[in-house]
Amino acid sequence: MIAVMPTADELLRTTPIFSRLSPADRKTIAEVSRVQQFARGETIFEQDSPSDAFYAIASGRVKIFKMMPSGKDVILEVFGPGDPLGAVAAYMDRPFPASASALEDTTCVIIPRPAFFRLLETQPSLVRGLLLGLTFRLVELTNRLAEMTGGRIEPRFARLFLKLASEMGRVERGGAFIPLALSRQELADLTGTTIETAIRTMSRWQKEDVVRTEKDGFVIVNRPSLEAIAEG
C-alpha cells in the first residue's frame, strides 16, 4: 500500500510552533505552504544559498553543518520534529549561514518568505514561541562550540550521547536505545574531532559495553560509566 503524504494543514496542526494558531490562520498558511519529503542524506538547503523560505520539521531529524575555512564540515546541531529551520536567515533576508541535510527520512513544511512575514505580523504568540525556541537553540549552539574547542575528546562523545538519549532515547535492547544512525564521520563532526578518533572511541566503548553501535542507532548499555566519562 502506498503511503499518503499528509497535507500541510494536517502537519501544521501537529507541529508545536503552529499548533496554537486559529483554524483560519492555519488554513491561510497551509494554502501557501508545501510539504516536502527528504530521503536520508538529501540536502534540504545549502550554506550561502538564498533563504527564500522558512522550514519546519514535521518528522525525521536534520543535521545543520557548516564548512570551515579548512574545508572540514562541522555539525552544529541536530534538529527534530517541531524544530524550525532557517528562521533567522529568512527573517533577516540573508543567505543560510549553514547547510541542512536529512539524517533520516524527513518531512518538512515549507513556507515561502512573504507568507512567513505575514504570519509573524499577525501572530504575536507565534513570534514569542519562535524567539523562545531560537534563544534556546542559540544557547545550545554556544555550549556546543565551547565544547568543541576545548577539553578532552572522550567527554565530548559522552555528553553527545547523553544529550541524544535525553532527547530521543527509549528503554529497550538492554539499555537506552537512541534511534538515530550516525556514521563515524558524523560523530566526529558533531564532536569536533577526526574520524580515526571516533572509530577508536566507539570501538573501545563497544568492547567495554558502554555504548553499543547497532544498524539503526546506538544503545547506551552502561549509563553510569558514560556519565562518569562526561564529567572527566
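1. Tyrosine 91 lies in helix α3, which spans residues 87–92; helices here are DSSP runs of H or I with at least four residues, and strands are runs of E with at least two, both numbered from the N terminus. This is a predicted model, in which local features need pLDDT of at least 70 and side-chain atom pairs count only at pLDDT 80 or more, while totals for chains, interfaces and linings use all residues. Residues are numbered from 1 along each chain as its sequence is written, and side-chain values use heavy atoms, with hydrogens and water left out.

2. Aspartate 93 forms a salt bridge with arginine 113, their closest N and O atoms being 3.8 Å apart, where the term requires a side-chain nitrogen of Lys or Arg within 4 Å of a carboxyl oxygen of Asp or Glu. The pair joins distant parts of the chain, 20 residues apart, with aspartate 93 in the loop between α3 and β7 (99–102) and arginine 113 in helix α4 (residues 113–122). The whole structure holds 13 salt bridges.

3. Helix α6 (residues 153–168) packs against helix α7 (residues 184–191) at an angle of about 105 degrees, with the axes 10 Å apart; axes are lines fitted to C-alpha atoms, for helices over the stretch in contact, and angles between N-to-C directions run from 0 to 180 degrees. The two helices are therefore roughly perpendicular, a label for angles of 65 to 115 degrees. Arg156, Phe157, Leu160 and Phe161 of α6 make the contact with Leu187, Leu190 and Thr191 of α7, contact meaning heavy atoms within 4.5 Å.

4. Helix α7 also packs with helix α8 (residues 195–207), at about 105 degrees and with axes 8 Å apart. Here Arg184, Gln185, Leu187 and Ala188 of α7 meet Ile195, Ala198, Ile199 and Met202 of α8.

Note on methods
Angles under 35 degrees count as roughly parallel, over 145 as roughly antiparallel, 65 to 115 as roughly perpendicular and the rest as oblique.
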